[in-house]
Structures are given as C-alpha cells and as structure tokens.
Amino acid sequence: MLPDRYAFREAEPRLASLWADADLYAFDPTGSGPIFMIDTPPPTVSGELHIGHCYSYTQTDVIARFHRMRGERVFYPMGFDDNGLPTERFVEKTIGRKATEMERADFLAHCLELIQQTEDRFEALWRRLSLSADWHYRYSTISSQAQRTSQAAFIQLYKDGYAYTQVAPTLWCPECQTAIAQAEIEDILLPTLFSTLAFRVQDGSILPIATTRPELLPACVAIFVHPNDARYAHLIGSTASIEGSPFTSREHITVPILGDELADPAKGSGAVMCCTFGDSTDVLWWRTHALPLLAAIGRDGRMTALAGDCAGLPIAAARKRILAHLAEKGLILHQETIEHTVGAHERCGTPVEYLHTRQWFIRVLDQKERFLEAGRRIHWQPEYMRARYEHWVENLQWDWCISRQRFLGVPFPAWTCRACGEILLATLDQLPIDPRTTTAEQSCRCGCTDFDPEPDVMDTWATSSCTPLLIGHWPDDPAWFAQHFPATLRPQAHDIIRTWAFYTIVKALYITDEIPWRSIMISGHALSAQRSKISKSKAPMASGPMALIEQESADALRYWATSVKTGNDTFFNPETLAIGRRLVNKLWNASRFAEPRLKDYTQSFFAGAAPALLPTDRWLLSRMEQTIAYATRELEQGEYATARSEIERFFWSDLCDNYLELAKARLYQEGGSARDAAAWTLYHALLTVLKVLSPYLPYITEEIYQGLFRQWDGAASIHTSCWPIMHSERIDAEAEETGKMLLELLHQVRRYKAEHNLSVGAEVATLHINVPAKFQVTLASALIDLKSATRARDIEIVGTKFIAPNDLSTDIIE
Ligand SMILES: [Zn+2]
Ligand SMILES: [Zn+2]
C-alpha cells in the first residue's frame with residue numbers, strides 16, 4: 001500500500017537508513033558475473049563539499065546504479081584524499097596557525113583529528129545524497145595502507161630508473177615554501193612595472209635592459225642579445241655593468257654579454273638580463289651557457305644575503321627599494337606598467353619562483369609517445385576530452401617533481417649514506433615507514449651505517465595517482481589484483497586531466513605496463529551565476545548541499561546534477577530543481593492512480609504473457625521498448641542526461657498525457673479483458689519508468705516500489721531489481737502508426753472543444769471520423785479508448801478512402 005502522501009523530508013532519511021541496514025550496495029567479491037569497478041575520485045579534504053561535488057558524484061552514481069541493475073557486480077569504493085598541501089592549508093586555516101609555527105607532531109595531530117571529523121561529515125552527505133558506494137571500502141590517502149602502496153610504487157619506480165633525485169632549478173612556491181609541479185601552475189595576468197635600466201658597456205656606451213624583475217639584479221649573471229641583432233652583435237664577448245650598491249654585496253654588477261637565439265630583438269630593448277632564476281629561459285641559459293649560480297631569493301620568499309640592504313625583505317618590498325635606489329642614481333631610462341602573464345601556484349595564487357634545490361622527480365619527458373598511445377587505448381567520454389590529455393602530454397616541459405618540503409604527506413622510504421651518497425631504500429615489509437623515525441636495517445655498500453633520512457614528503461598526486469593500485473590491493477594481494485585491475489571506469493572532472501588522469505596513467509604504465517582503466521568519464525563543473533567554478537569558500541556550510549537537500553530533497557538535487565551531457569559545465573539553477581520536484585510528484589500521483597487499478601491482479605498475471613491487447617496498449621508498449629533501447633544505449637556510453645530526457649518524455653507525454661487519457665475508461669471498468677489489457681500495460685509501463693528513473697531519483701522510486709510494485713516484481717529494493725529486459729517483438733511500427741492516428745484524432749477534438757469554450761471533459765454527441773481504409777479494423781477495436789478520451793457518446797466512421805494521417809478529419813456533433 002502506498003501511504004496517502006509522499007513527504008520527502010520523512011521518506012528520504014527513512015529510506016537511506018533502510019538501505020544502510022540492508023547493506024544494499026555491498027560488493028560481492030566472490031560472486032559470479034562481470035565486475036564493474038569504479039576508480040572513484042577521492043574528494044580532497046580541503047574544505048566542505050559543495051554542490052559542485054554533488055554534481056559530478058551524482059553522475060557517477062547514476063552509472064553505477066545502471067550497471068548494478070544490469071546484473072554486474074559493481075565495485076564502488078569511496079575514498080578521501082587527505083594528505084598533502086591542500087589538506088595542510090585547510091587545517092592551518094581552521095586552527096588559525098601555520099604548520100611552521102609548531103612542532104611537526106603537534107601539527108600532524110591537528111591534521112588527523114580534523115581529517116577524521118571532516119570525512120565523517122563527507123560520508124554523511126554522500127549517504128544522504130544516496131551515492132551507492134560500498135562504505136566497507138572507504139579509504140583515505142593518508143592511511144597506512146595508502147602510504148604502503150604509494151611507497152611501494154616509489155620503490156619500484158626508483159629501481160626501474162623512473163624516479164631520480166637531483167639538485168636543480170625547480171618550480172617553487174615561496175608562500176607554501178615547497179617545490180611544486182608544472183601541473184600546479186596557473187597563468188595569471190598581473191599589472192607589472194616594466195623598467196628599462198641603464199647598463200654601461202666596457203666602451204662606455206649605455207646598454208638599455210628592460211626588466212619586470214629588478215629585484216633579481218643581485219642574481220644577474222649575464223646579458224643576452226640575439227646574435228643577428230645589428231644593434232648589439234658587436235658587443236658579444238664584452239661585459240656590461242651597473243652599480244650594485246647598496247642592494248647587492250657587489251660595488252658593481254659586471255656580467256658578460258652573450259649571444260643566444262632565444263633573446264627576442266623585439267622585446268624591450270632586445271638585450272635582456274639573465275638572473276638565476278627569473279623564468280624558464282633563465283634556467284635554460286644557465287644550463288647551456290654554464291653560468292654561475294647566484295640565489296637572491298630564499299626558500300621563504302625573502303631576499304638572501306646577496307641582496308645587500310634588501311636582505312630579508314619580501315620580494316615585492318625589495319623590488320620597490322631597488323627601483324628607488326636605481327632611480328636615485330639616474331639609472332632608470334624608462335618605466336611603464338604592462339599587463340604581464342605570471343605563473344602562480346594554483347593552491348595559493350602566489351607567483352612561483354625557480355629555486356635551485358634537491359628534489360625527487362619521475363621521468364615523463366622521455367616517455368611522451370608511450371603516454372599518448374595509452375591515452376588512445378582508453379575510451380574517453382566525451383571523446384573530445386582526449387585532446388586535452390594529449391595537449392598536456394605534448395606540452396610537458398618538466399619531469400614530474402614529486403617531493404614537497406611539507407609536513408602532512410607520505411614520506412620517501414629512503415635514506416642517503418653519509419659516507420658515499422648512495423640511496424638506500426626501505427624493504428617492502430618495512431612499509432609504511434617514516435625514515436625520519438626509523439633507521440635503515442641494512443648497511444650501505446660502502447660499509448657505512450650512518451644515514452640521512454629523506455626529509456621530504458611526496459606530493460599528494462604521487463599518492464592519489466595510485467588509487468587503481470590501492471583499490472586493486474597492490475602489491476599485497478596478487479589474486480585480488482588480477483581480478484580488479486585495470487578498473488572499468490574512472491570518473492573525474494576536466495580540470496584534473498593534466499594531474500590526476502595523467503599521473504594515474506603514468507603510474508599504471510610504469511608499475512604494470514597496463515592502462516589503469518578501460519574508460520574515463522569526464523564531468524564538467526557547476527558554475528555559480530558569475531560563471532566561475534563554485535569553490536569551497538563560496539559555498540559556506542550553512543547553505544551547503546546538506547541544507548539544500550533538507551530544503552529541496554536529494555532527488556531534486558540529483559535531478560539537477562544529471563541534466564547536462566558529460567563534460568559540460570552547468571549553472572546551479574533552482575528552476576531545474578523545481579522541475580525535478582514536479583517529476584517526483586507526478587510519479588507519485590501516477591502511482592496513486594495506478595494502485596487501485598492494479599491491486600486485484602496477481603504476480604503471475606503481470607509476469608505472464610500479454611493478454612489480448614488493444615491498439616492503444618500495443619502503441620504504448622512499442623513506444624516503451626524504443627525508450628528502453630534508447631536509454632540503455634545512452635547509459636552504456638555514460639550519457640545519463642540524454643537517457644533521462646527520453647524517459648521523461650515517455651512518462652509525461654506518452655504514458656500520462658496520452659495513454660492514461662485513452663485507457664482511463666477501461667481501467668475504471670469492474671473487470672473484463674479490455675481492463676486486463678490496460679492494467680497489464682500500465683503495470684509494465686509504470687514499472688519500467690520507475691526502474692529506468694531509479695538511478696536518478698533513488699528515493700521516490702524506492703518508496704513507490706516498496707509500497708506498490710515490490711509485491712509483484714519481487715526484488716528487495718528497486719535498486720537491486722533488474723533493469724527492464726528488452727522485448728524487441730513489442731516494437732510494432734503498425735501499432736505506432738495507429739497510436740499516432742488516435743492521438744491526432746484526440747488532438748482535433750481537444751482543439752475543437754477549446755475553440756468552442758468547452759471544457760476538456762465536456763461530452764459530445766457523435767464523432768464522425770474519416771480515416772484511411774487500412775486503419776478501419778484497428779480503429780474499430782480502439783473505439784472504446786477514443787470514446788472515453790473524447791467523451792463522445794457515439795463515434796461513426798464515415799469515410800474509408802485513403803488519406804494521409806494529417807488529413808484525418810473529425811466532424812463533431814454536440
Ligand atoms: Zn603556494
Ligand atoms: Zn655508503
């Protein structure tokens with residue numbers, strides 16, 4: 001029995017606990033049947049979840065539910081990404097103190113406590129949104145298991161020659177005080193003062209040098225000109241200098257003038273200073289011309305002792321003071337403000353520096369072709385997203401820097417021998433290990449037993465790129481791994497193709513020589529009205545997704561989340577939620593209408609062969625089969641939105657507006673074969689709609705299933721019931737043509753009533769119908785439906801000549 005009314009505020013939490021108690025989404029590792037394995041994106045613990053998360057996670061959940069109903073064993077673990085800089089910054093912000101201001105152990109204790117609380121809140125939201133993940137497999141990237149996997153992967157990469165350490169110029173964030181990778185850089189446009197300085201050449205002439213970074217003068221090591229630049233070519237080989245006091249330790253900064261084709265004659269004065277390091281060209285010149293190394297900026301983003309009276313100043317302050325000194329001495333020839341593109345750290349927005357430090361890298365530059373080839377073996381949905389991956393791979397400029405000079409992360413399982421510099425790795429059974437608190441068990445090849453532990457932690461991506469290995473229980477359970485790797489599907493957003501997707505492919509290829517998943521489904525972003533990605537800071541908890549669910553229902557939020565195609569961004573639109581709510585109500589009302597018409601029938605009646613059907617029934621069933629076929633095809637491709645819109649169209653238009661209108665009289669009859677046919681048809685159509693919509697609207701469909709359909713269909717829950725089975729024999733072109741004709745006749749009568757100010761339900765006396773001859777017989781058997789829908793007391797078929805369906809005519813006598 002369906003309750004009198006559906007109140008989502010009461011029903012949704014009740015159903016959610018029903019599912020949790022029944023452990024409805026538990027993965028069965030020992031069962032038979034194909035495994036559908038999802039390499040879920042573990043949301044980063046760096047703030048609260050927002051509706052942008054609900055957007056993409058719901059899309060994945062729809063796909064998971066679809067495959068579960070198709071009889072696949074869905075392995076849908078859920079993880080949280082809780083190591084690394086984003087989580088550290090979140091903790092620092094929450095406790096109002098910086099990691100550098102306290103003991104490492106104290107900071108980590110704060111982190112772990114906050115992580116636990118936050119993840120429990122995340123899980124509560126996911127359960128309430130009804131993500132059908134199997135929570136027995138909840139994982140976290142700071143857990144010892146994840147650390148073990150990540151460290152084991154590192155060790156294998158090192159042994160295979162893919163991981164290496166070197167002291168070299170590296171991208172550096174002075175705010176976060178750590179090395180970062182190319183993928184973490186975002187280009188930002190900043191207004192910058194472009195100053196032309198007066199260097200003096202040996203021969204006494206002035207050499208103008210334009211720069212946006214005068215604070216790097218203490219680290220100036222050369223001046224470059226283009227070898228073919230007629231203005232300067234004769235200067236190559238001589239030196240130029242500028243006064244260096246008091247902002248450097250040198251009285252004069254004197255540097256060689258060198259030729260290099262990378263010097264752009266059209267930029268600034270055409271002569272450019274090379275400092276160690278202002279940009280990637282400086283790094284290149286420093287390498288190719290074997291220039292000296294002068295570091296003017298320290299790890300903390302402050303000027304070093306090289307910078308004379310500017311030592312200790314932050315970069316911006318030093319820039320100001322040095323320009324003032326130069327101006328005072330009359331050494332500035334020209335100044336203008338320009339819009340300048342600067343690479344900034346995506347986590348904090350600080351312009352990056354290039355610091356000469358020791359870091360760990362994973363080789364990627366020499367393997368581009370291999371990555372491109374792997375990308376082609378993966379199915380991308382939508383297909384065009386593969387181009388983004390390829391573009392990133394083709395434009396890689398740095399090997400992947402994985403070491404971070406931070407706190408909360410997976411340590412490198414290695415030590416360096418103090419005597420000979422050899423790297424010593426931990427053994428597999430020691431993992432996870434922190435080399436800072438555990439010493440190496442073995443001695444070095446040189447006999448020394450004195451080691452320096454690796455002081456750094458790994459970047460968060462170095463571990464999250466292991467998720468397919470982690471859920472595949474690598475390296476500890478080879479039997480499980482053989483069955484659960486590669487994963488079937490990786491769902492993720494488009495902005496992390498260059499990081500998460502790329503790094504995961506790199507790791508999988510290096511560790512297993514396999515692609516990590518067969519398909520990747522790319523989601524877009526939910527945008528706020530200002531067209532920017534909804535970020536955690538803009539969605540405070542008070543009006544976050546949980547509040548929205550309580551106000552609007554999880555079904556409505558999920559409806560909004562599954563309204564646009566894969567890969568597309570969307571806006572948060574309350575009107576879409578309202579449409580979802582209307583659909584929920586309509587499903588409820590249609591089912592309430594159906595209940596008394598179906599309740600007298602038995603399970604074997606509905607499960608049995610179709611009774612003698614009328615043309616209207618055959619038409620609806622044919623439409624239904626087409627709809628199932630279309631929705632199934634689209635969902636197989638991951639296209640949840642197009643699948644859903646076709647089901648909605650079938651439900652609103654074919655089933656409710658038309659079929660129920662036509663078959664109403666039969667359904668109200670006391671009994672008889674015509675009523676049986678309508679009841680049988682309605683049962684199958686409505687149950688099909690509910691099943692096909694259940695991945696989108698898990699609550700309302702379950703409530704109706706439990707109250708009405710379960711007694712006949714027999715599954716414990718609609719979510720573990722079978723996806724509608726295709727009956728292609730029901731696809732019936734003739735029935736569809738008849739259906740079209742009936743609808744056209746109905747339409748004409750409705751129009752007539754409207755034109756004559758009659759209500760839709762107004763009775764008419766006789767309907768004179770002209771139809772093509774071939775419809776004669778079928779029409780005769782559909783007269784009962786036509787009569788009931790038009791409220792005609794009598795219908796006469798007056799003409800039988802062949803006419804096109806558009807020329808059907810009705811003549812109405814009131
Ligand atoms: Zn930063
Ligand atoms: Zn040694």
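This is a predicted model: local features need pLDDT of at least 70, side-chain atom pairs count only at pLDDT 80 or more; totals for chains, interfaces and linings use all residues.

Reader: Which residues coordinate the zinc ion (ligand 1)?

Author: The zinc ion (ligand 1) is coordinated by Cys173 (SG), Cys176 (SG), His345 (ND1) and Cys348 (SG), at 2.0 to 2.3 Å. In sequence, these donor residues follow the spacing C-x2-C-x168-H-x2-C.

Reader: And what is the geometry of that site?

Author: The site is tetrahedral, with angles of 102 to 117° among the four donor atoms.

Reader: Are Cys173 and Cys176 buried or exposed?

Author: Cysteine 173 is buried, at a relative accessible area of 0%. Cysteine 176 is buried too, with a value of 2%.

Reader: Now the zinc ion (ligand 2). What are its protein donors?

Author: They are Cys417 (SG), Cys420 (SG), Cys444 (SG) and Cys446 (SG), which lie 2.2 to 2.3 Å from the ion. The spacing of the donor residues in sequence is C-x2-C-x23-C-x1-C.

Reader: Why is the arrangement around this ion called tetrahedral?

Author: The four donor atoms subtend angles of 103 to 114°, and therefore the arrangement is tetrahedral. The cut-off for four donors is that all angles lie between 85 and 135 degrees.

Reader: Where do Cys417 and Cys446 lie?

Author: Cysteine 417 is in strand β18 (residues 414-417), whereas cysteine 446 is in the loop between β19 (423-425) and β20 (451-453), so the pair ties together parts that are 29 residues apart in sequence. Cysteine 417 counts as buried, at 3% relative accessibility, while cysteine 446 is partly exposed, with a relative accessible area of 42%.

Reader: Let us change topic. How is the protein chain divided into domains?

Author: The division gives domain 1 (179-353), domain 2 (574-731) and domain 3 (747-813).

Reader: How much area do domain 2 and domain 3 bury between them?

Author: They bury about 780 Å², and 56% of that is on carbon and sulfur atoms. On the side of domain 2, Pro615, Glu661 and Leu662 lose the most area to domain 3, together 53% of what that side buries.

Reader: How many salt bridges does the rule find across that interface?

Author: It finds one salt bridge across the interface of domain 2 and domain 3.

Reader: And the side chains of arginine 666 and aspartate 785, how do they meet?

Author: The side chains of arginine 666 and aspartate 785 meet in a salt bridge, with an N to O distance of 2.8 Å.

Reader: On to the backbone. Which residues does a cis peptide bond join?

Author: One such bond joins serine 245 and proline 246, with omega about 0°. Proline 246 is in the loop between β10 (239-243) and β11 (252-259). The peptide bond from threonine 276 to phenylalanine 277 is also cis, with omega near 0°. Phenylalanine 277 has its place in the loop between β12 (272-275) and α6 (280-288).

Reader: What is phi of glutamine 177?

Author: Phi is near 55°, a positive value in a residue other than glycine. Glutamine 177 sits in the loop between β5 (163-173) and β6 (178-179) and is partly exposed, with a relative accessible area of 32%.

Notes. Residues are numbered from 1 along each chain as its sequence is written. Chains are lettered from A and ligands numbered from 1 in the order in which they are written. Side-chain values use heavy atoms; hydrogens and water are left out. Donors are N, O and S atoms within 2.8 Å of the metal (3.2 Å for Na, K and Ca); water is not among the atoms, so sites may look incomplete. Four donors count as tetrahedral if all angles lie between 85 and 135 degrees; four count as square planar and six as octahedral if opposite donors are over 155 degrees apart and all others between 65 and 115; anything else is irregular. Buried means under 20% relative accessible area, exposed over 50%, partly exposed in between (1.4 Å probe, protein chains only). Helices (H or I, at least four residues) and strands (E, at least two) are DSSP runs, numbered from the N terminus. Domain bounds come from an automatic or database domain assignment. Buried area is the accessible area (1.4 Å probe) that two parts lose on being put together, summed over both. A salt bridge is a side-chain nitrogen of Lys or Arg within 4 Å of a carboxyl oxygen of Asp or Glu.
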